[in-house]
Amino acid sequence: MTGDISNARISFDDVRVGFGAGKKRKEVIDGVSFDLGPGEFVSVLGPSGCGKSTLLNMAAGFPATDSGEVRFDGERITRPESRRGVVFQQYAIFPWLTVEKNIAFGLTLKSNRRSRSEIDETVRRYIDLMGLGGFEKALPKELSGGMRQRVALARAYATDPDVLLLDEPFAALDAQTREFMQELLHEASRAERRATLLITHSVEEAIYLSHRIVVLGNRPTSVHEVIDVDVPWPRTPQSRLQPEFLEVRGHLEGVMRPLSGSTLRKAQT
Ligand SMILES: Nc1ncnc2c1ncn2[C@@H]1O[C@H](COP(=O)(O)OP(=O)(O)OP(=O)(O)O)[C@@H](O)[C@H]1O
Ligand SMILES: [Mg+2]
């Protein structure tokens with residue numbers, strides 16, 4: 001791990017979480033520690049139900065900690081803040097707002113209000129970055145699944161967060177759209193250099209996008225392994241065929257197989 005605590009944007013420090021009381025008590029997270037450094041892209045892989053969303057939601061500002069801490073720039077996270085942009089697993093963009101109004105939404109809130117011209121400029125920038133030109137006035141129901149995810153990402157970027165927290169943003173997409181979205185996110189994160197934490201079931205996606213990958217074990221979960229991804233930057237579609245890529249992929253599939261058969265099947269789609 002590159003775990004320099006003083007430098008980390010997000011730190012999970014020996015986080016332990018259980019839900020319920022008495023006989024119904026279920027231990028979920030059993031001492032997870034890792035950091036997300038400035039400008040770093042870290043993916044979290046782990047079996048379904050091991051506690052990935054619980055961890056991301058804690059970083060977003062919804063504390064569930066029994067013990068340990070999640071910190072942002074050294075301070076304990078206690079509530080959501082616009083400095084941490086989130087795409088939740090069950091994310092829905094507002095169906096009654098157009099693409100541009102969805103993207104502008106966070107900038108019109110009292111806590112984060114910007115001038116009209118600043119809002120217009122920001123919306124334009126992320127419409128362009130996410131390839132949504134021509135759909136400014138469209139409603140979500142008029143968009144494909146991939147385009148809706150691009151609106152969700154644009155909205156997360158628009159408030160100029162220091163950190164992006166993305167919980168399986170492409171899980172519902174077909175394989176081809178998903179690869180396209182990975183390339184788009186890679187380009188966006190290279191252009192913007194924001195610290196990003198991505199939760200995914202896809203080994204390929206994690207390798208394509210990340211500096212490091214944190215593999216979580218079965219519930220009650222702890223960090224099973226942390227892998228530095230030494231595939232050269234920038235990543236391109238050809239990167240998927242490079243020996244470094246294939247080596248990490250082979251290794252990760254070997255690591256994941258005993259953790260969960262279902263996770264591996266999903267990762268190969
Ligand atoms: N508020 C809650 N109350 C009770 N149990 C919860 C709560 N939140 C999560 N859990 C349980 O904690 C475990 C981890 O849930 P979580 O959503 O974090 O898993 P996950 O790794 O994101 O799974 P998936 O890969 O399917 O998205 C699950 O067993 C879930 O049922
Ligand atoms: Mg989840």
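Me: What covers the buried residues of α2?
Reply: The cover includes α3 and α4. Bear in mind that this is a predicted model.

Me: OK, and which residues of α2 are the buried ones?
Reply: They are Val-99, Asn-102, Ile-103, Ala-104, Gly-106 and Leu-107.

Me: What does Glu-100 pair with?
Reply: Glu-100 makes a salt bridge with Lys-137, and their closest N and O atoms are 2.5 Å apart. Glu-100 sits in helix α2 (residues 99-108) and Lys-137 in the loop between α3 (116-129) and α4 (145-158), so this pair ties together parts that are 37 residues apart in sequence.

Me: How open are those two, buried or exposed?
Reply: Glu-100 is partly exposed, at 22% relative accessible area. Lys-137 is exposed, at 63%.

Me: What about Glu-136, where is that?
Reply: Glu-136 is in the loop between α3 and α4. Its relative accessible area is 16%, and because buried means under 20%, Glu-136 counts as buried.

Me: Which residues does Glu-136 touch?
Reply: Leaving out residues up to four places away in sequence, Glu-136 touches Thr-98, Val-99, Glu-100, Arg-124 and Ile-127.

Me: Switching to salt bridges. How many are there?
Reply: The count comes to 25 salt bridges.

Me: Which residues are linked in a network?
Reply: Glu-179, Glu-183, Glu-204, Arg-240, Arg-249 and Glu-253 are linked by salt bridges into a network.

Me: And which partners does Arg-16 have?
Reply: Arg-16 meets Asp-14 in a salt bridge, 2.9 Å from N to O. Arg-16 also bridges to Asp-30, where the closest N and O atoms are 3.1 Å apart.

Me: New topic: where does negative charge gather on the surface?
Reply: There's a patch of negative charge made by Asp-228, Asp-230, Glu-244 and Glu-247. Asp-228 is in strand β10 (residues 223-228). With 47% relative accessibility, Asp-228 counts as partly exposed.

Me: Which residues have a positive phi without being glycine?
Reply: Asp-160 has a positive phi of about 60°, and Glu-168 has a positive phi of about 45°.

Me: Why point those out?
Reply: Because most residues other than glycine have a negative phi, and most peptide bonds are trans.

Me: Where do Asp-160 and Glu-168 sit?
Reply: Asp-160 is in the loop between α4 and β7 (163-167). Glu-168 is in the loop between β7 and α5 (175-192).

Me: And is each one buried or exposed?
Reply: Asp-160 is partly exposed, with a relative accessible area of 49%, whereas Glu-168 is buried at 11%.

Key
Residues are numbered from 1 along each chain as its sequence is written. Chains are lettered from A and ligands numbered from 1 in the order in which they are written. This is a predicted model: local features need pLDDT of at least 70, side-chain atom pairs count only at pLDDT 80 or more; totals for chains, interfaces and linings use all residues. Side-chain values use heavy atoms; hydrogens and water are left out. Patches are made of residues with over 30% relative accessible area and no salt bridge: like charges are joined within 9 Å, nonpolar side chains (Val, Leu, Ile, Met, Phe, Trp, Tyr) within 5 Å. Accessible areas come from the Shrake-Rupley method with a 1.4 Å probe; for residues, only the protein chains shown count as cover. A salt bridge is a side-chain nitrogen of Lys or Arg within 4 Å of a carboxyl oxygen of Asp or Glu. Lys and Arg count as positive and Asp and Glu as negative; His and the chain ends are not counted. The place of a charge is taken as NZ of Lys, CZ of Arg, CG of Asp or CD of Glu. Helices (H or I, at least four residues) and strands (E, at least two) are DSSP runs, numbered from the N terminus. Buried means under 20% relative accessible area, exposed over 50%, partly exposed in between (1.4 Å probe, protein chains only). Contact means heavy atoms within 4.5 Å.
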